[in-house]
Each structure stands twice: as C-alpha cells, then as structure tokens.
Amino acid sequence: MLMRTDPFREIDRLADQFFGTAARPAVMHLDAYRDGDHFYAVLDLPGVDPDSIDCTVERNVLTVRAERRRPTGDTVELVAAERPMGTFTRRLFLGDTLDTDRLEAGYDNGVLTLRIPVAERAKPRRVAVLAANGTGRKEINA
C-alpha cells in the first residue's frame, strides 16, 4: 500500500494539475504539419473516452475539448492521483487556405488526428497570359 508522508504534497499536486509541469503539462500535446494537399493536427489524449471529445469550427477557429474522468463508485478507493483529470481545451487558429467544411477527425490509441484539406482556391494553378497584340498565349505557374 502507498503511504503519504508529506502533508503539503496534495497542495503541490493540485498546483501541478492546474498549471502543469515540465514533465506533465496541463495542455494537449500537439504536432501540426502539411502533407501534400492536407494539413494535419495530431493531439495526444491518452485515457480519454472518445465520446467526451468535442471538435467544433467557428470561422477559422478550431476548438478541441476532451474530458478525462477518475473511476468512481462505492468500492473505488483512490490511493494515488497524479494524472491530470478534468476538461482539456485547445484552440487552433486556422488560415483561410484550409477547407474546414471537409475536416475529418479520428481517435486511435489515445491520439486524435485532425485532417483538413487545403482549399481549392489556395492550390497552385496555371494562369493563361495573353500577349499584348492578343495573338499568342503563354501559360505560367501562379
């Protein structure tokens, strides 16, 4: 059985949970990258029930909310509580070049992956250039 010997440890634990520490920040860890015609945001959410994850997009702001709960019940006795619990929120400000109407989200093994296509209007395209006399055409990359 674990024994508590420091009476101030509970205060330190609560402060660490609220503010985070270098080893356990109180925010969702994020990787973001572009691969071809898609932008990816990958967030670590271990121990989170997939039904508690909520992703919303309003204008160009993507908000991810998730909740991690402690086990409850008449027979549950909490012996140690070091993992951050509660509701976690992360906001990402997306550029106008992304098509948020076609955003896809998947959750696997504690990792939430958001896949957002680059908007058609933001992709490189060819533009026809007319000669000054109007007789010839030349295409260039825009």
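A: Happy to! Let's begin with Asp54, which counts as partly exposed because its relative accessibility is 37%. Keep in mind that this is a predicted model.

Q: Which strand does Asp54 lie in?
A: Asp54 belongs to strand β3, which covers residues 54–58.

Q: And which residues is Asp54 in contact with, leaving aside neighbours within four places in sequence?
A: Those are Thr63, Val64 and Arg65.

Q: How far apart are the C-alpha atoms of Asp54 and Arg65?
A: They are separated by 5.1 Å, although the two residues sit eleven apart along the chain.

Q: OK, what's the strand order in the sheet with β3?
A: The order is β3-β4-β5, in an open sheet of three strands with antiparallel pairing. β3 and β5 (86–93) stand at the edges with a single partner strand each, so one side of each has no neighbour in the sheet. On average, neighbouring strands here are turned by 15 degrees against each other, ignoring direction.

Q: How many bridges join β4 and β5?
A: Eight bridges, in the antiparallel sense, with β4 spanning residues 61–68.

Q: Nice. Zooming out, how many helices and strands are there in the protein chain?
A: The protein chain has one helix and nine strands. Starting from the N terminus, the elements run α-β-β-β-β-β-β-β-β-β.

Q: How much of the chain counts as buried?
A: Of its 142 residues, 24% count as buried. The chain exposes about 10,600 Å², and carbon and sulfur atoms supply 50% of that area.

Q: What about contacts between residues at least 6 apart in sequence: what share joins residues at least 24 apart?
A: That share is 46% in the protein chain.

Q: Changing topic, what pLDDT does the chain average?
A: The average is 80, and 73% of the residues score at least 70.

Q: Where is confidence lowest, and where is it highest?
A: Strand β9 (residues 137–141) is lowest, at a mean of 56, while strand β6 (residues 104–108) is highest, at 96. Where pLDDT is low, the predicted coordinates should not be read in detail.

How values were computed: Residues are numbered from 1 along each chain as its sequence is written. This is a predicted model: local features need pLDDT of at least 70, side-chain atom pairs count only at pLDDT 80 or more; totals for chains, interfaces and linings use all residues. Side-chain values use heavy atoms; hydrogens and water are left out. Helices (H or I, at least four residues) and strands (E, at least two) are DSSP runs, numbered from the N terminus. Buried means under 20% relative accessible area, exposed over 50%, partly exposed in between (1.4 Å probe, protein chains only). Contact means heavy atoms within 4.5 Å. Accessible areas come from the Shrake-Rupley method with a 1.4 Å probe; for residues, only the protein chains shown count as cover. Two strands pair if DSSP finds at least two bridges between them. Axes are lines fitted to C-alpha atoms, for helices over the stretch in contact, and angles run from 0 to 180 degrees between N-to-C directions. pLDDT is the predictor's confidence in each residue, from 0 to 100.
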